[in-house]
Amino acid sequence: MADAQLDDLRRRLVRLEDLEAIRRLKAQYLNACDSQDPESAKNCFAEGEVTIDMGHVGIFRTREEFAALYRAAGCHPHVLDMHHGGNPEIEHIDDTHAKGRWSLDYRNINTKDKTVTFVSLIYHDEYEKIGGHWKIRKSRSEFKSALHCSFASGQLESLLAARSVAGAVDFSKG
């Protein structure tokens with residue numbers, strides 16, 4: 001095999017490994033959210049300035065800001081979450097940059113407030129390879145649908161059916 005062919009094969013192999021590393025990174029993030037592990041979720045993002053745009057929930061400029069809100073609002077025994085990401089579309093920009101789109105199926109049961117929330121959204125992510133490891137540099141959530149229900153009466157009652165739960169769910173409290 002000629003040197004040019006070997007170089008091309010090496011480059012393609014590295015790209016495949018990079019795509020798999022980005023898939024694992026997103027899975028690690030979603031699993032950390034379900035495990036109520038803000039440190040692991042935070043570490044999926046790059047250090048320094050980032051953009052984590054969660055729409056009505058807020059825009060965060062550092063991973064520490066994001067982790068603080070997540071710790072305060074989502075890390076409680078009465079909060080039961082499920083984040084299922086799928087349909088990844090990952091595109092290499094160059095050797096250290098990539099972008100991706102992921103769909104998210106999110107479910108939340110709040111046993112204290114007696115509510116159930118279903119949300120679907122699209123993540124628009126930008127990734128950077130730093131020190132040989134992929135990190136999320138930017139993430140924007142595009143909300144597609146939301147259903148927020150109460151089960152306080154013993155029956156499931158719809159409180160909101162819309163594009164997002166903006167105005168119906170307060171993420172500043174636990």
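This is a predicted model: local features need pLDDT of at least 70, side-chain atom pairs count only at pLDDT 80 or more; totals for chains, interfaces and linings use all residues.

Reader: Ok, noted. How many helices and strands are there in the chain?
Author: Three helices and seven strands. Going along the sequence, the pattern reads α-α-β-β-α-β-β-β-β-β.

Reader: And what does the C-alpha trace span along its principal axes?
Author: About 70 × 30 × 25 Å. The accessible surface of the chain is about 9,700 Å², and carbon and sulfur atoms account for 52% of that.

Reader: What share of the residues is buried?
Author: Buried residues are 38% of the 174 in the chain. As for contacts between residues at least 6 apart in sequence, 51% of them link residues at least 24 apart.

Reader: Switching to E91. Where is the place of that one?
Author: E91 is in strand β3, which covers residues 79-94.

Reader: Why does E91 count as partly exposed?
Author: Because its relative accessibility is 41%, and partly exposed runs between the 20% limit for buried and the 50% limit for exposed.

Reader: Which residues does E91 touch, leaving out those up to four places away in sequence?
Author: A98 and K99.

Reader: What about H148, what separates its C-alpha from that of E91?
Author: 34 Å separates the two C-alpha atoms, and E91 and H148 are 57 residues apart along the chain.

Notes
Residues are numbered from 1 along each chain as its sequence is written. Side-chain values use heavy atoms; hydrogens and water are left out. Helices (H or I, at least four residues) and strands (E, at least two) are DSSP runs, numbered from the N terminus. Buried means under 20% relative accessible area, exposed over 50%, partly exposed in between (1.4 Å probe, protein chains only). Contact means heavy atoms within 4.5 Å. Accessible areas come from the Shrake-Rupley method with a 1.4 Å probe; for residues, only the protein chains shown count as cover.
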